[in-house]
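Hi everyone, thanks for coming. Please have a look at the model on the screen, and then I'll walk you through a few of its spots.

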Amino acid sequence: MLPYYKNKSELRRAAKSAVRTISTETKQSRSALIFKNILNLEPIKSAKTVALYASLPDEVCTDEIIAVLNTQKVVVLPRVEGSQMDFYRYSPEQMSIGAFGISEPQAEEVIDPAEIDVIVVPGVAFTCSGKRCGRGKGYYDKYLSSAGFRATKIGVCFAEQITEDITTEPHDIVMDSVIFG
């Protein structure tokens, strides 16, 4: 577990350093375990629309869960344009590299935040109680605060990214649960 850092920049550095120590194979196997646990959660089982993310190398890998859930649910992924992040329906053939080198859907129709039942949220660090430290741009906090948003919020990370506490600000959104492995 990471110690408490009063400064989020220091926490981000420490968490990123900790993740770099995890081998690619270990990240893959632990990601599979994290998502196996998520698939057993009632909010996921009863969801019609699930928001996921296309993972970066230092995040819990989402490739498998996207493929699995895409056969059972409406899967939506984020796309960033300027200072705004919106979600669009996932289609494997309509993905391309977008902002920050992240694979993004190229669908035209923005998904209304009220349509999302569950959102799986990446982060640089989390507390067990759901506090989250993101990459510092505020995209998720803005989205999770949008009008009509009602989804169950599930944070995901590796055990090395769990910290004792995170200094939060009024705009920081707390997750309903955090799944780590």
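Let's begin at Lys-48, which touches Lys-73, Val-74 and Asp-117. A touch, or contact, means heavy atoms within 4.5 Å, and residues up to four places away in sequence are not counted here. Lys-48 sits in the loop between α3 (42-46) and β1. Helices (H or I, at least four residues) and strands (E, at least two) are DSSP runs, numbered from the N terminus. Is Lys-48 buried or exposed? Lys-48 has 61% relative accessibility, so it counts as exposed. The cut-offs are these: buried means under 20% relative accessible area, exposed over 50%, and partly exposed in between, with a 1.4 Å probe and protein chains only. Along the chain, Lys-48 and Thr-168 are 120 residues apart, and 31 Å separates their C-alpha atoms.

A quick word on the background. This is a predicted model, where local features need pLDDT of at least 70 and side-chain atom pairs count only at pLDDT 80 or more, while totals for chains, interfaces and linings use all residues. Residues are numbered from 1 along each chain as its sequence is written, and side-chain values use heavy atoms, with hydrogens and water left out.

Lys-48 also belongs to a pocket. Together with Thr-49, Val-74, Arg-89, Ala-107, Glu-109, Ile-111 and Glu-115, Lys-48 lines the second largest pocket. On a 1 Å grid over the protein atoms alone, a pocket is an open set of points with protein on both sides within 12 Å along at least five of seven lines; a cavity is a set where a 1.4 Å probe fits but cannot get out; and lining residues have an atom within 4 Å of a point. The volume of the second largest pocket is about 150 Å³; a volume is the space filled by probe spheres set on the points, and grid points are joined across faces, edges and corners. By class, three of its lining residues are nonpolar, one is polar and four are charged. Here Ala, Val, Leu, Ile, Met, Phe, Trp, Tyr, Cys and Pro count as nonpolar, Asp, Glu, Lys and Arg as charged, and the others, Gly among them, as polar.

Glu-109 is another name from that lining. You'll find Glu-109 in the loop between β5 (103-105) and β6 (118-121), and at 62% relative accessibility it counts as exposed. Leaving aside neighbours within four places in sequence, Glu-109 is in contact with Phe-87 and Tyr-88.

Phe-87 forms one aromatic cluster with Tyr-143 and Phe-149. How many aromatic pairs are there? The count comes to three. Rings of Phe, Tyr and Trp (its six-membered ring) pair if their centres lie within 6.5 Å; planes under 30 degrees apart count as stacked, over 60 as edge-to-face and the rest as tilted. Tyr-143 and Phe-149 have ring centres 5.9 Å apart and planes at 75°, so this pair is edge-to-face. Tyr-143 is buried, at 4% relative accessible area, and Phe-149 is buried too, at 15%.

As for Tyr-88, the charged end of Arg-79 sits over its ring, 3.7 Å from the centre. The rule is that NZ of Lys or CZ of Arg is within 6 Å of the ring centre and within 35 degrees of the ring normal. Lys-142 lies over the face of Tyr-139 as well, at 5.8 Å from the ring centre.

Now for a residue on the inside. Ala-51 lies in strand β1 (residues 49-51) and, at 0% relative accessibility, counts as buried. Beyond its sequence neighbours up to four places away, Ala-51 touches Val-76, Phe-87, Ile-116, Val-118, Ile-119 and Val-120.

The largest pocket holds about 570 Å³. Its lining has 29 residues, and the closest to its centre are Arg-132, Arg-135, Lys-137, Tyr-139 and Tyr-140. Cavities of 30 Å³ or more number two in the whole structure. The largest cavity has about 50 Å³ of space, and Arg-135 is among its lining residues. The second largest cavity has about 30 Å³, and α2 gives the most to its lining, with three residues.
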